[in-house]
Amino acid sequence: MIKRRYVFERIREVFEVYGFKEILTPTFEYTKLFELRSGEEVVEQLYAFEDKGGRNLSLRPDLTSSVARLFVNAFQTAPKPIKWYYITNMFRYEEPQSGRLREFWQAGVELIGSSNIEADAEVIALLIESYLSTGLKEFTVNVGDRILLDEFAKMIGVKDDIGLMRLIDKKDKMERGEFVKALQEFGLNEEDINKVFTLIELKGKPDDVLPKARELFTSEIAKEELKKIEELFELLKAYGIEDYALIDFGIARGFDYYTSIVFEAIADNDLGIGSIGGGGRYDNLIEVFGGKPTPATGFAIGIERLIPILESKELLPEFKVGSDVFVAYIGNELEIKKKAIEVTQTLRKANIKAEYDIQGRKLGKALDYANSIEVKVAIILGRRDLSEGKVTIRDMKSGEQKQVAIESIVEEVKKLL
């Protein structure tokens with residue numbers, strides 16, 4: 001938990017520096033909310049149930065749909081853009097594996113009310129800065145575009161563009177031969193399959209990728225979208241984080257509600273963990289839920305994917321859990337127990353993590369326990385010391401100890417800590 005809290009707080013600090021405010025929605029929603037636009041794979045993984053009132057509910061598989069519902073219910077007239085963030089748990093009934101659990105945590109943001117490319121740049125920059133805040137340096141955020149995938153589907157005569165996107169989105173989980181077979185079963189001929197590979201190989205820096213993309217995409221809609229992507233990467237330079245961003249036109253993302261710019265974060269690892277986060281623009285979702293047409297974009301970071309990677313790269317600090325000081329006492333009189341509590345409280349009020357021996361053990365056993373919980377300092381109270389207004393302070397690492405006046409306990413303990 002201390003590792004998780006450390007990561008949460010690093011990310012939270014960046015979210016709030018960017019002006020995002022924390023929200024929390026209910027753990028469950030009406031199942032229909034997720035069926036509307038979450039995507040086939042997610043709908044199949046819903047923890048859906050009927051409650052005692054006969055309502056069909058589901059545990060949230062993501063927060064974007066809930067955020068759209070919250071916005072429609074209560075915030076349509078609020079000043080724009082709305083900048084919200086969350087750090088909370090989600091649920092999906094899928095096969096547990098490395099970095100993939102049925103209950104999992106995400107840290108994410110939603111920026112609602114701006115259709116400008118500046119909004120896309122803001123959330124991509126925030127995603128990158130969030131990873132950097134945890135100490136992660138070796139990762140990329142790969143940027144794609146759903147409009148370009150739509151245009152590509154039209155170009156090769158595919159009517160089921162969502163189906164093609166789902167196939168392309170799974171390409172990294174398949175061997176090449178398996179992917180080719182899936183494309184053939186989808187109805188593509190050899191020429192079209194070659195074009196799919198041309199598309200998914202469009203990956204790298206804008207200067208390398210955009211000229212090739214302009215050769216592949218010839219429609220006016222596609223040309224406009226490519227201009228947006230070029231501007232996006234220029235804006236990312238102003239944030240100073242462009243080295244972490246790449247173009248990858250093979251990204252589709254698994255949710256049906258994405259409408260334009262999409263992106264996902266990848267960090268090299270030997271743990272079998274793929275994407276560690278991602279997001280994109282969803283300009284139609286709020287309208288689907290009954291709101292006025294409202295543009296929006298956002299992302300989510302997979303905490304159970306990020307932390308193992310940070311651990312494997314030894315990027316997390318060493319944490320000390322529990323107390324730094326243990327107060328032991330000699331004797332069983334009420335007065336000496338009260339003094340042990342008073343000394344412990346004095347340390348706690350000075351913001352020093354401390355506890356006293358509530359078991360009332362003999363001194364040797366009490367110090368053995370202090371060693372077992374790895375405290376740095378022990379304070380020993382005896383009748384004779386207390387009659388002189390003193391206590392014994394022991395450095396648990398070196399074994400050295402000395403008598404100090406009770407009123408200087410805090411000062412002496414801080415020196416040892």
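1. In this predicted model, strand β9, which spans residues 245-248, is covered on both of its faces. Ala245 and Ile247 are buried on one side, while Leu246 and Asp248 are buried on the other.

2. Which strands pair with β9, and in which sense? Strand β7 (residues 139-145) pairs with β9 in the parallel sense over 3 bridges, and within this pairing asparagine 142 has leucine 246 as its bridge partner. Strand β8 (residues 203-204) runs antiparallel to β9 and is joined to it by 2 bridges; here the bridge partner of lysine 203 is aspartate 248.

3. Arginine 12, which lies in helix α1 (residues 2-17), deserves a separate look. Is this arginine buried or exposed? Its relative accessibility is 17%, and because the cut-off for buried is under 20%, arginine 12 counts as buried. Its side chain makes a polar contact of 3.2 Å with the side chain of glutamate 9. When neighbours within four places in sequence are set aside, arginine 12 is in contact with Glu22, Tyr85 and Ile87. Of these, Tyr85 also belongs to a cluster, linked by ring pairs, that contains Phe15 and Phe299.

4. Aromatic pairs can be followed across the whole structure, where a search finds 12 of them. One of them joins phenylalanine 28 and phenylalanine 49, whose ring centres are 6.2 Å apart and whose planes are at 85 degrees, so the pair is edge-to-face. This pair links distant parts of the chain, with phenylalanine 28 in strand β2 (residues 28-30) and phenylalanine 49 in strand β3 (residues 48-50), 21 residues apart. Phenylalanine 28, at 43% relative accessibility, counts as partly exposed, and phenylalanine 49 counts as partly exposed at 33%.

5. Another edge-to-face pair is formed by phenylalanine 179 and phenylalanine 197, with 5.7 Å from centre to centre and 80 degrees between the planes. This pair also links distant parts of the chain, since phenylalanine 179 is in helix α8 (residues 176-186) and phenylalanine 197 is in helix α9 (residues 190-200), 18 residues apart. Phenylalanine 179 and phenylalanine 197 are both buried, whereas phenylalanine 28 is partly exposed, as is phenylalanine 49.

6. Arginine 102 lies over the face of tyrosine 93, at 4.0 Å from the ring centre, and arginine 361 lies over the face of tyrosine 369, at 4.3 Å from the ring centre.

7. For the overall form, the protein has 17 helices and 17 strands. Its radius of gyration is 28 Å, well over the 22 Å that the globule rule gives for 417 residues, so the protein is more spread out than a compact globule. The C-alpha atoms fill a box of roughly 95 × 55 × 45 Å along the principal axes.

Note on methods. Residues numbered from 1 in each chain as written. Predicted model: local features only at pLDDT ≥ 70, side-chain atom pairs only at ≥ 80, totals over all residues. Heavy atoms only, no water. Helix = DSSP H or I, 4+ residues; strand = E, 2+ residues; numbered from the N terminus. Buried < 20%, exposed > 50% of the residue type's maximum accessible area, 1.4 Å probe, protein only. Polar contact = N/O pair within 3.5 Å; in protein donor to acceptor, adjacent residues only side chain to side chain. Contact = heavy atoms within 4.5 Å. Pairing = 2+ DSSP bridges. Phe/Tyr/Trp six-rings, centres within 6.5 Å; stacked < 30°, edge-to-face > 60°. Lys NZ or Arg CZ within 6 Å of the ring centre and 35° of its normal. Rg over C-alpha atoms; globule rule 2.2 N^0.38 Å.
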